[in-house]
Amino acid sequence: MCGIVGILGTKPVADELVDALRRLEYRGYDSAGVATVENGHLERRRAEGKLKNLAARLNDEPLQGHAGIGHTRWATHGAPNERNAHPHMTDKVSVVHNGIIENFREIRDALRAEGAEFSSETDTEVVAHLITSEMRKGDGPVAATGRALKKLRGAFALAIIFAGHDDLMIGAREGSPLAVGHGEGEMYLGSDAIALAPFTSQITYLEEGDWAILHRGGAEFRDRAGNKVKRRSITSSASGFLVDKGNHKHFMLKEIHEQPEVISHTLTNYIDMTSGEVAFPDTGIDLAKIPRLTISACGTAYLAGMVAKYWLERYARVPVEIDVASEMRYREAPMPEGGVALFVSQSGETADTLAALRYAKAQGQRIFSVVNVRTSTIARESDVVLPTLAGPEIGVASTKAFTCQLATLACFALAIGRARGTITPELERELVQALTEVPRHMVGLLREEQQYEEMAPWLSKAKDVLYLGRGTAYPIAMEGALKLKEISYIHAEGYAAGEMKHGPIALIDENVPVVVVAPDDELFEKTVSNMQEVAARGGQIVLVSDANSDKVGCRVATHLSVPSVHPFAAPLVYALPMQLIAYHTATFMGTDVDQPRNLAKSVTVE
Ligand code: M6R
């Protein structure tokens with residue numbers, strides 16, 4: 001995950017910027033850079049590789065500016081070299097950026113037509129040129145930035161400085177976190193409070209869509225529409241720790257809100273954003289020749305595997321066998337010669353998953369793992385590790401780790417589909433595009449969080465809740481039920497919508513809320529029929545869907561509306577309503593959502 005730091009200081013800031021970037025090294029990076037405003041001009045130094053290379057560059061060619069921005073870059077658009085390292089700049093503006101600018105190609109083409117010359121392959125550079133273009137039309141830096149921000153689509157965080165403006169820095173947040181630090185006659189920006197801990201503990205976290213105009217004397221905040229808004233500052237406890245709740249009440253809520261950022265990060269690990277194709281690491285295993293794939297995992301990770309089964313079978317045409325690890329390890333299942341077994345685990349230490357891995361290995365399978373903790377036992381015992389870049393997940397209920405598993409598995413399915421020739425290059429680009437839009441849709445969905453809070457008092461009264469879905473929405477429904485029961489202790493079950501009339505329908509009456517996960521896709525009409533069966537028996541339907549209410553054709557108690565999203569990418573976006581329903585219901589009931597009773601984050605016993 002890229003790291004951002006900005007300082008409006010009272011002495012040369014380059015060394016402090018590098019020190020602050022060091023505190024963000026844990027996020028991972030492959031190049032770094034800083035820029036400062038020096039005698040009215042913008043100057044920058046960048047280097048490929050570790051921060052010591054940047055420090056050496058600065059030693060040879062020091063920067064003297066008292067206002068500056070710094071960045072550690074994890075390559076997304078373009079190779080990890082100095083040319084693509086941030087900051088990016090024109091003669092007027094210098095920018096560092098985290099996240100994805102989805103519409104960078106169209107903006108770049110329009111700016112090129114105006115005469116702008118680009119020197120990198122990055123999406124970030126369009127931001128510098130776009131603001132410059134607005135300034136050339138006569139706007140000052142603040143107005144030009146406001147106009148430029150309105151043209152950007154995606155999920156991102158930005159820090160910007162301007163030639164000729166030694167006392168100005170602008171930060172903007174849309175999907176990726178950004179914190180403003182308040183000092184004594186100095187001001188700061190950081191992608192998290194950890195970077196700013198040596199300077200200040202007084203932090204203001206920007207809200208989605210916010211941008212902040214910083215001068216040494218303080219900060220002014222604007223919302224997405226450009227209105228001046230007040231944002232409170234808090235005292236951060238980040239100084240000693242790498243994990244901090246930010247301004248969220250619980251780690252779980254923080255981790256839910258981190259998803260646009262960590263999904264961007266995970267996707268860009270497996271996608272070449274410049275070409276719009278999957279860029280999978282060479283595994284040394286011929287993906288075209290896999291006869292069968294066995295997937296195994298536990299809990300939420302198993303449900304990610306279930307979604308992957310739909311993707312792998314449909315797009316890569318690989319037969320997939322999936323089982324929970326605690327069953328698979330004892331089933332003595334036969335496994336084909338040359339087969340691949342894939343294990344999904346946040347912690348990489350789950351005892352049953354590890355035992356299933358060892359069983360598959362003994363059966364001669366090549367072992368792939370999708371893990372969040374790269375130093376874990378499961379990672380170490382795998383032939384190929386596909387890391388999820390969710391960062392530390394502290395809440396016991398898995399949220400961001402789950403969606404990052406989905407992001408990784410979606411790319412894996414496309415990589416196999418490409419190797420086997422079961423998807424055309426056009427379809428691959430369409431599906432990759434769908435994935436890159438996910439962080440933005442997540443931002444949109446999180447903006448509507450209040451509807452989940454409003455529903456919580458009603459849902460908290462339920463004794464039993466059913467969750468229904470079809471296709472990839474079926475494992476998402478199961479995940480919704482798992483989330484609700486583990487943190488609110490309300491009994492909940494997830495079913496394939498079509499299975500309802502084979503048993504669970506007997507439970508339905510006016511006291512049973514039924515959460516129906518129904519993206520407006522090719523299966524929507526079928527799910528509507530099942531919903532009508534529920535409504536006819538007085539069941540209280542909570543519809544989670546992007547479909548217009550008039551397509552539903554029966555009474556629903558609540559319609560939680562979801563942004564319209566390509567069906568391929570829908571599981572990633574629909575996971576969020578599942579998390580928010582559970583979180584708000586549980587917090588209304590006053591349970592300990594971060595450490596629910598009887599549960600452990602890492603289950604290292606059988
Ligand atoms: O660390 P792992 O992903 O292997 O853990 C698997 C399950 O224990 C885990 O997903 C569990 O179901 C979570 N509590 C779900 O929120």
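Modeller: Arg-447 is partly exposed, at 45% relative accessible area, where partly exposed lies between buried (under 20%) and exposed (over 50%), computed with a 1.4 Å probe on protein chains only. The model is predicted, so local features need pLDDT of at least 70 and side-chain atom pairs pLDDT 80 or more, while totals for chains, interfaces and linings use all residues. Residues are numbered from 1 along each chain as its sequence is written, and side-chain values use heavy atoms, leaving out hydrogens and water.

Arg-447 pairs with Glu-174 in a salt bridge, with the closest N and O atoms 3.0 Å apart; the term requires a side-chain nitrogen of Lys or Arg within 4 Å of a carboxyl oxygen of Asp or Glu. Glu-174 belongs to strand S8 and Arg-447 to helix H15, 273 residues apart; helices (H or I, at least four residues) and strands (E, at least two) are DSSP runs numbered from the N terminus. Glu-174 is buried, at 12%.

Glu-102 and Arg-153 form another salt bridge, at 3.4 Å from N to O. Glu-102 sits in the loop between S6 and H3, and Arg-153 in the loop between H5 and S7, 51 residues apart. Glu-102 is buried at 8%, whereas Arg-153 is partly exposed at 31%.

A 3.4 Å salt bridge also joins Asp-91 to Arg-136. Asp-91 lies in the loop between S5 and S6 and Arg-136 in H4, so the pair ties together parts 45 residues apart in sequence. Asp-91 is exposed at 54%, and Arg-136 is exposed at 56%. The whole structure has 39 salt bridges.
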